[in-house]
Amino acid sequence: MRAAPKQLLMLIIFVFFASATPVAAAPTRSDDPTTAIPAVTALWVQLDGFARYQGNGPSWTLGPAIRAIATEPYQEAPGGARLVYYFDKARVEVNDPASADDGQLTLGLLVRDMISGSLQVGDQRFVPVAPADIPLAGDVTQNDIAPTYASLRAVATLGDAAAEHRAPDRTGQLVTAALRRDGRVVPDAVPESSVRIAVYESTSGHNIPSVFWEALQHLPLPWLALTGYPLTEPYWVRTRVAGAERLVLVQAFERRVLTYDPANPPAWQVEWGNVGLHYRLWRGLAASPDPEVQALASGMPFGEVLVSAARAARVDPYLLVALATVLTQNDPLAANSRGLGLLLVPRERLTGEPYPLDPSVNARRAAPLLAQAIAQAGLEGGLAHYLAASGSNTRPEEVLRTADYLRQRFPPGAPLPSGPALTEIGRGHAAFYDPSYDVSWWERTLAGYASWGGAVADAAPDPHGYYCVHPDFRPGQRLLLIANGQALWCTIGDTVAPGHVAAWRSRWIIELSWPTFVALGLDRNNEVIVWGPSE
């Protein structure tokens with residue numbers, strides 16, 4: 001349906017990029033990044049859509065698949081917890097689900113936490129845990145030569161030693177220092193190095209080498225948002241890759257580790273370290289969550305930790321999660337005169353434990369105690385015994401009611417919620433509707449289609465006023481648009497008359513409302529990638 005002619009923006013060149021063989025197998029439906037919430041999908045497509053669908057693309061920035069979805073406590077988040085998505089190379093944090101379509105996302109400070117030995121559960125709340133004794137690069141097992149995250153405590157600008165670990169400006173100098181597993185720096189250990197320092201980052205006081213700086217300049221988003229500040233100098237390290245010893249350049253940033261391996265193919269010489277996988281290994285989190293309790297593990301704060309401990313002790317996972325919810329509201333820093341931590345483990349049971357507040361440690365101590373109490377006194381009696389030992393006045397009935405509620409909310413075997421899978425529709429130029437077609441016009445037009453059944457059943461006005469037109473999609477459907485480093489979702493608000501479809505397809509890939517066109521920067525550079533539902 002067309003109300004009036006539209007002004008079109010015509011450019012000279014029309015370019016299509018043919019898809020090549022994917023560099024990695026497409027993930028299954030359950031871990032497909034294009035089925036995540038809209039903001040996470042948009043971020044993944046920006047960063048890694050090319051890596052999956054174009055065989056000659058750059059290395060992965062997040063990774064080919066979602067490894068886990070979890071709910072983690074954070075004091076300042078709405079409701080005291082936030083949804084997170086684990087990828088191979090990062091953790092994407094949804095800080096405000098109500099505004100997730102706006103892209104209210106951050107990448108977790110995983111590297112900082114693994115070096116310092118802390119879990120951040122609020123702006124100023126940290127849980128002390130053991131630093132990560134996991135190799136920074138290369139094989140994670142049978143790799144006793146590689147420095148670990150814990151090795152970096154001796155050189156990172158963190159904590160009380162931050163000031164003394166700042167480095168002077170070495171711009172233009174060669175990178176020749178090596179880092180050993182014990183944290184010792186050996187100056188001029190690699191005199192044959194041809195890598196030079198490109199930039200000095202004065203905020204944290206570290207030098208960034210040219211191989212990393214060039215890669216950071218070609219990201220679709222500001223590099224600081226993806227990496228955070230550098231925490232260390234770049235160092236050459238000895239590590240093992242598939243069992244073979246290699247010399248690799250590494251540098252730790254707050255959110256990421258960057259590696260440079262001159263033996264790799266050019267497009268893969270600079271890579272993002274697998275800090276998402278390393279973090280999960282550090283925290284003892286399963287590589288593949290048990291589908292029977294996946295919804296519970298993903299939907300509750302510290303759910304993965306609690307479910308794992310419950311299974312190991314042969315305790316009902318719903319009961320242990322309910323106990324943490326009722327006792328401490330899932331606060332790992334909780335304490336009273338008799339109990340300590342996420343499950344208020346009796347203090348005498350934590351004697352000699354260096355990290356009693358570590359939620360994994362706390363859960364592993366609590367679950368066997370609860371199992372033993374239940375075996376001796378039955379379900380209610382065992383719960384009463386544990387609650388009394390923890391110094392809580394909570395009644396067993398409250399824990400049991402909460403466990404029943406959790407079974408209804410996260411039934412056994414329930415799949416994780418996901419959206420429709422997306423696929424790339426095409427790349428090319430966009431046309432725009434005249435600016436006189438304002439948001440109210442689009443809303444009235446969409447409502448008109450809905451009134452006579454011409455829109456999808458759940459058609460609703462776009463929450464941000466971004467509208468678009470494509471002949472293959474019905475009013476009310478949503479498309480993901482990527483252009484000029486921007487990603488946004490638009491709502492189909494009009495249709496193309498049947499007699500105009502052939503001409504339409506020969507000239508552009510999408511039509512947009514003027515605000516959408518401008519928001520994507522297409523008034524400056526008109527080249528857009530369109531993603532839409534694949535089924």
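Visitor: How many aromatic pairs does the count come to by the ring rule?

Guide: The count comes to 16 aromatic pairs. Rings of Phe, Tyr and Trp (its six-membered ring) pair if their centres lie within 6.5 Å; planes under 30 degrees apart count as stacked, over 60 as edge-to-face and the rest as tilted. This is a predicted model, where local features need pLDDT of at least 70, side-chain atom pairs count only at pLDDT 80 or more, and totals for chains, interfaces and linings use all residues. Residues are numbered from 1 along each chain as its sequence is written, and side-chain values use heavy atoms, with hydrogens and water left out.

Visitor: What describes a pair of aromatic rings?

Guide: The distance of the centres and the angle of the planes describe such a pair. Y433 and W442 are tilted, at 4.5 Å centre to centre with 50° between the planes. Y449 and W452 are also a tilted pair, at 5.8 Å and 45°. Ring pairs also link Y433, Y437, W441, W442 and Y467 into a cluster.

Visitor: Is Y449 buried or exposed, and which is W452?

Guide: Buried means under 20% relative accessible area, exposed over 50%, and partly exposed in between (1.4 Å probe, protein chains only). Y449 counts as buried because its relative accessibility is 3%. W452 is at 60%, so it counts as exposed. Y433 and W442 are both buried.

Visitor: Which residues touch the most other members of the largest nonpolar core?

Guide: In soluble globular proteins, nonpolar side chains tend to be buried together. A nonpolar core is a set of buried Ala, Val, Leu, Ile, Met, Phe, Trp, Tyr and Cys residues joined through side-chain atoms within 4.5 Å. Here the largest has 78 residues, and I115, Y149, L306, L320, L323, L343 and Y386 touch the most other members. Helix α8 (residues 317–328) gives the largest share, 9 residues. Another core, of 42 residues, lies apart from it and includes V40, L258, W272 and I529.

Visitor: Why is strand β20 described as largely enclosed?

Guide: Helices (H or I, at least four residues) and strands (E, at least two) are DSSP runs, numbered from the N terminus. In β20 (residues 478–483), 5 of the 6 residues are buried, so the strand is largely enclosed by the rest of the structure.

Visitor: Which strands pair with β20?

Guide: Two strands pair if DSSP finds at least two bridges between them. β20 is antiparallel to β21 (residues 486–492), with 6 bridges, and I482 has A487 as its bridge partner in β21. β20 also runs antiparallel to β23 (residues 528–533), joined by 3 bridges; there L480 is partnered by W531.
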